[in-house]
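This report describes the fold of a single chain, from its sheets and helices to a few individual residues. The sequence and the model are shown first.

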Amino acid sequence: MGSLLFRRRLYHTLLTDKKSKFGTSYSVYQCLRNASSYTGPKKYDFTDLTCPHKWYPVARRKKRNVILHVGPTNSGKTYHALKRLESCSSGIYCGPLRLLAWEVAQRLNKAKVPCDLITGQERDEVEGAKHRSVTVEMADVSSDYTCAVVDEIQMLACRTRGFSFTRALLGISADELHLCGDAAAVPLIQEILQSTDDNVDVKYYERLSPLVPLRDPLGSFSNIRMGDCIVTFSRVEIYKIKRRIESERQHLCSVVYGSLPPETRTRQATMFNDENSDFDVLVASDAIGMGLNLNISRIIFSTVRKFDGLEMRDLSVSEIKQIAGRAGRYKSKYPAGEVTCLDAEDLPLIHSSLSSPSPILEQAGLFPNFDLLFMYSRLHPTYGLYQILKHFVENAKLSENYFIADSEEMLKVAAVIDELPLTLDDKYLFTMSPVDMDDDISSQGLTQFAESYSKNGIVHLKEIFTPGTLKIPKSHKALKELESIHKVLDLYVWLSFHMEDNFPDRELAASQKAICSMLIEEFLGSDGWQKPSPRKLPRRSHFKSLS
């Protein structure tokens, strides 16, 4: 999943540095001028990434005031940064998730501060808006702002997404740049910003409500109570635990995990938060670590080990603290949070992690922008996109503060797309699209879209999808298939924003996406034991025509 997020966000990041889909930008002209004017025996080295702050001339024209708001979950650090954003004449919020960008846009508009919402799959423009709420990959580094907020800035050390946060850190041109996150990022950011000559101030925050690590494990699922959240790290385990809890015939469970559509995750969270709902327990993955406001009384780790795409490993200190910190929320039904686990053998790691500071971050992610890849391709005219990416990454030169982002999964996509008769620009677009190549239906959708585009130049959704055929899933296998179909529809919407004339059925795809989400939610609401109660969950009458 992390690799999928990396591909889609890398394309957003590189695309927003351009004047058109892949129009030549200021930095390309600079590269061309430098390369053509160099008269020495050595060629201009486009793989030299040792001074990334120079990629952003607009930001370098001003001396920014950078304010770091650092502290644990539920400490008010983001609240204070957003209050400042709200009071400024223009600004931008950059969040790690679509849900967070949506929440901030809603908050500002409710406060009578017109704010646009811009993500890879959404464009909601408000008349007269001088504020924007965006996913971090969509951050505009060519405009000036009075105030900017970058949330979860410690993610600049993420091996797949870190480069987007580094780009926002170095590239956003704002009088005030507010960075919210873990204190572990402070020394690295201070060192990186020595090259930009910005003013840097650090504000530290303490948690607003207590978080208590319990001495005893849960023991039995019969000890589950209202407001509990059980955390596990696989889709299979989530449904296994849900069935186990509901078999006790005392609680109904909402579920939240990464491959659920964002809209479904939001509705599942809303049901869990609603005191009038029968769904009073949450079973979730680490997707709850950010992006959802949840009224959780107690976090229960079903395990403290996860597969990270490379290996099975123990959770890190920062991961445990991020997840555990979701228990207890200031001014909520459960202001004090508790943390425990299923098995006693996992308690020592949880206790030691919660009492330890997160390890200091040592490097920030970096990846070449499209300008550099484009110029590199001119030096190697026979290379396909796969070779260009692979050779560039292998030969990239970095300073000690940076690492090159993990691009293995992206290379897998490029290898497939290179087989089609497409320009480098178009290959790059498809490679960076939100496709999950480990999902057969999603990967087939990308291949068919790309093949149809290469042959016809226009792609109609009905070529691979028949509207009106979606049904409420009857099994977990059918549920997984419906989640995959949602990914394909999401992919079409994404492509339609970047090639509107070539993918003209955005409204149809978006409406089918919405139906997918509602059908998935219908399954989640009916799967398992139904608590006897005079209060019935609302049924959606329009589902009848789809079943």
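Axes are lines fitted to C-alpha atoms, for helices over the stretch in contact, and angles run from 0 to 180 degrees between N-to-C directions. Helices (H or I, at least four residues) and strands (E, at least two) are DSSP runs, numbered from the N terminus. This is a predicted model, in which local features need pLDDT of at least 70 and side-chain atom pairs count only at pLDDT 80 or more, while totals for chains, interfaces and linings use all residues. Residues are numbered from 1 along each chain as its sequence is written, and side-chain values use heavy atoms, with hydrogens and water left out.

**Overall make-up**

The chain has 18 helices and 18 strands. Of its 547 residues, 55% count as buried (buried means under 20% relative accessible area, exposed over 50%, partly exposed in between, with a 1.4 Å probe and protein chains only). Among contacts (heavy atoms within 4.5 Å) between residues at least 6 apart in sequence, 77% join residues at least 24 apart.

**A pair of packed helices**

Helix 16 (residues 440–456) packs against helix 17 (residues 476–498) at an angle of about 30 degrees, and their axes are 8 Å apart. The two helices are therefore roughly parallel to each other (angles under 35 degrees count as roughly parallel, over 145 as roughly antiparallel, 65 to 115 as roughly perpendicular and the rest as oblique). On the helix 16 side, the contact is made by Ile441, Ser442, Gly445, Leu446 and Phe449. Helix 17 contributes Glu481, Ser484, Ile485, Lys487, Val488, Leu491, Tyr492 and Leu495.

Eight strands form an open sheet in the order 4-3-5-2-6-7-1-8, with mixed pairing (two strands pair if DSSP finds at least two bridges between them). Strand 4 (123–124) and strand 8 (199–204) stand at the edges with a single partner strand each, so one side of each is left without a neighbour in the sheet. Within the sheet, strand 2 (residues 91–95) and strand 6 (residues 144–150) run parallel and are joined by four bridges. Gly91 stands opposite Cys147 in strand 6.

Helix 4 (residues 77–87) lies across strand 1 (65–70), strand 2, strand 5 (131–135), strand 6 and strand 7 (173–181), and runs at about 160 degrees to strand 7. Tyr79 belongs to helix 4. The C-alpha atoms of Tyr79 and His69 are 9.8 Å apart in space, for a separation of ten residues in sequence.

Strand 10 (residues 228–231) pairs with strand 13 (residues 298–301) in the parallel sense over four bridges, and Val231 stands opposite Phe301 in strand 13.

**Nonpolar cores**

A nonpolar core is a set of buried Ala, Val, Leu, Ile, Met, Phe, Trp, Tyr and Cys residues joined through side-chain atoms within 4.5 Å. The largest such core has 59 residues, of which Val150, Leu156, Ile172, Leu179, Ile189 and Leu389 touch the most other members. Not counting residues up to four places away in sequence, Val150 touches Cys94, Phe165, Ala168, Ile172, Leu177, His178, Leu179 and Cys180. Another core, of 52 residues, lies apart from it and has Ile230, Ile245, Leu470 and Leu479 among its members.

**Individual residues**

The table lists four residues with their accessibility.

| Residue | Relative accessible area | Class |
|---|---|---|
| Asn74 | 16% | buried |
| Asp343 | 38% | partly exposed |
| Tyr79 | 47% | partly exposed |
| Lys112 | 74% | exposed |

Asn74 is in the loop between strand 1 and helix 4, and has a positive phi of about 65 degrees although it is not a glycine. Lys112, also not a glycine, has a positive phi of about 65 degrees and lies in the loop between helix 5 (98–110) and strand 3 (115–118).

Asp343 is found in the loop between strand 16 (337–341) and helix 11 (347–354). Leaving aside neighbours within four places in sequence, Asp343 is in contact with Pro217 and Ser302.
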